[in-house]
Amino acid sequence: MTPIVPLDENVLLKMDYFMPTLSFKDRGAAVLVAHCKSIGVDSVVQDSSGNAGNSVAAYCAKAGIKCEVFVKDGTSPKKIDMIRAHGATCTVVPGSRDHCADVCREKVEHEGVYYANHVYNPFFYEGTKTYIYEVYEQLHRIPANIVVPVGNGTLFLGVLHALEHLLESGCIERMPQIIALQTETCDPILRAAEQGQKEPAKITPQDTIAEGIAIGRPMRGKEILEYVYKYNIRFIHAPEDKILDARKALALKGVYCEHTTAANYAAYLAYCEKYGPTSDCLITMCGAGLKSDH
Ligand SMILES: Cc1ncc(COP(=O)(O)O)c(C=O)c1O
């Protein structure tokens, strides 16, 4: 279990960077790699903005499974170092994050290696569901507002699957308000949600310091949008020029998170400006600060 700590009277932080590889992706990777092991997979490939690849590399190392991770150039060097430290091959691909995924998928198609991918593989979501189960066990309730970043939506979908499970089981009476965020320069789901579209908007991602959520073509976009309309989920931009301020504000309260994670807090502050003060809000601290220091 990762701790939940109060930031102030309105905000609770779930410290998911307390995981072994310093990001929440361990939740999904632990389950996914256990599945690979159970079906006799001995070699996997994965594409990642860094953290998911880091987690898959670590759990593969523990399980004795060979691993190659594709990342785009410009990925935080610390994440690349960690992937290699676990004995995995880290292949750096020039171009966008989406292109990097295409290069990896080509290898899967042509060489038949197992695609231990966090976006497609359903076992990964069984892991990210534990985020909500833990919150329920720790607080004996679910906070009224939950802030979730959306890149490929692996945490978002895990959160929604688990909340539906709690709802159907009678553990909670209503869905909390989910506050989903994307960056101003890469927001295909936010734009689609604003226009009531069923598919993610076609965009060309521009630079952002929130590398973990810079996904221009989220493969489960349709599924994410179905949840958005079903539960009146609100989307908000993390203002690019406020991310570093948010990181500093968190650090001054003893919480040192990575840039992408500071975007969660920047988006929460933007949400409060738009909708008014928002109390009883849970924000995830997905990745550790040392990962994006460069
Ligand atoms: C720190 C951090 N936050 C958020 C995300 C968003 O991930 P997803 O939308 O796939 O759950 C990532 C993905 O790599 C990440 O590394």
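**Cavities and helix packing**

Modeller: In the second largest cavity, domain 1 (4-22 + 124-292) and domain 2 (25-123) each contribute at least three residues to the lining. Please keep in mind that this is a predicted model.

Biologist: Which residues line the second largest cavity?

Modeller: The lining consists of Asp47, Arg97, Asp98, Ala101, Arg105, Val119, Asn152, Ile215, Arg217 and Met219. The space in this second largest cavity is about 80 Å³. Helix 4 (residues 97-111) gives the most to its lining, with 4 residues.

Biologist: How do you know how many residues of that lining are charged?

Modeller: Asp, Glu, Lys and Arg count as charged. Asp47, Arg97, Asp98, Arg105 and Arg217 are among the lining residues, and by class the lining has 5 charged, 4 nonpolar and 1 polar.

Biologist: How many cavities of 30 Å³ or more are there in the whole structure?

Modeller: The search finds 2. The largest cavity holds about 270 Å³ of space. Its lining has 24 residues, and those closest to its centre are Phe24, Lys25, Ser49, Gly212 and Ile213.

Biologist: Why is the largest cavity said to lie between domain 1 and domain 2?

Modeller: Both domain 1 and domain 2 give residues to its lining, so the largest cavity lies between them.

Biologist: Which helices each supply at least two residues of the lining of the largest cavity?

Modeller: They are helix 2 (51-63), helix 7 (154-168) and helix 11 (259-275). Helix 11 gives the most, with 3 residues. By class, this lining has 13 polar, 8 nonpolar and 3 charged residues.

Biologist: Let us turn to the helices. Why are helix 2 and helix 3 called roughly parallel?

Modeller: Their axes cross at roughly 15 degrees and come within 8 Å. Angles under 35 degrees count as roughly parallel. Helix 2 and helix 3 (residues 77-85) are therefore roughly parallel to each other.

Biologist: What makes helix 1 oblique to helix 2?

Modeller: Helix 1 (residues 25-38) packs against helix 2 at an angle of about 40 degrees, with the axes 9 Å apart. Roughly parallel requires an angle under 35 degrees, and roughly perpendicular begins at 65. The angle therefore makes helix 1 oblique to helix 2.

Biologist: Is each crossing left-handed or right-handed?

Modeller: Helix 2 and helix 3 cross in a left-handed manner, whereas the crossing of helix 1 and helix 2 is right-handed.

Definitions and conventions: Residues are numbered from 1 along each chain as its sequence is written. This is a predicted model: local features need pLDDT of at least 70, side-chain atom pairs count only at pLDDT 80 or more; totals for chains, interfaces and linings use all residues. Side-chain values use heavy atoms; hydrogens and water are left out. On a 1 Å grid over the protein atoms alone, a cavity is a set of points where a 1.4 Å probe fits but cannot get out, and a pocket is an open set with protein on both sides within 12 Å along at least five of seven lines; lining residues have an atom within 4 Å of a point. Grid points are joined across faces, edges and corners, and a volume is the space filled by probe spheres set on the points. Domain bounds come from an automatic or database domain assignment. Axes are lines fitted to C-alpha atoms, for helices over the stretch in contact, and angles run from 0 to 180 degrees between N-to-C directions. Angles under 35 degrees count as roughly parallel, over 145 as roughly antiparallel, 65 to 115 as roughly perpendicular and the rest as oblique. A crossing is left-handed if the near helix is turned anticlockwise from the far one by less than a right angle, and right-handed if clockwise.
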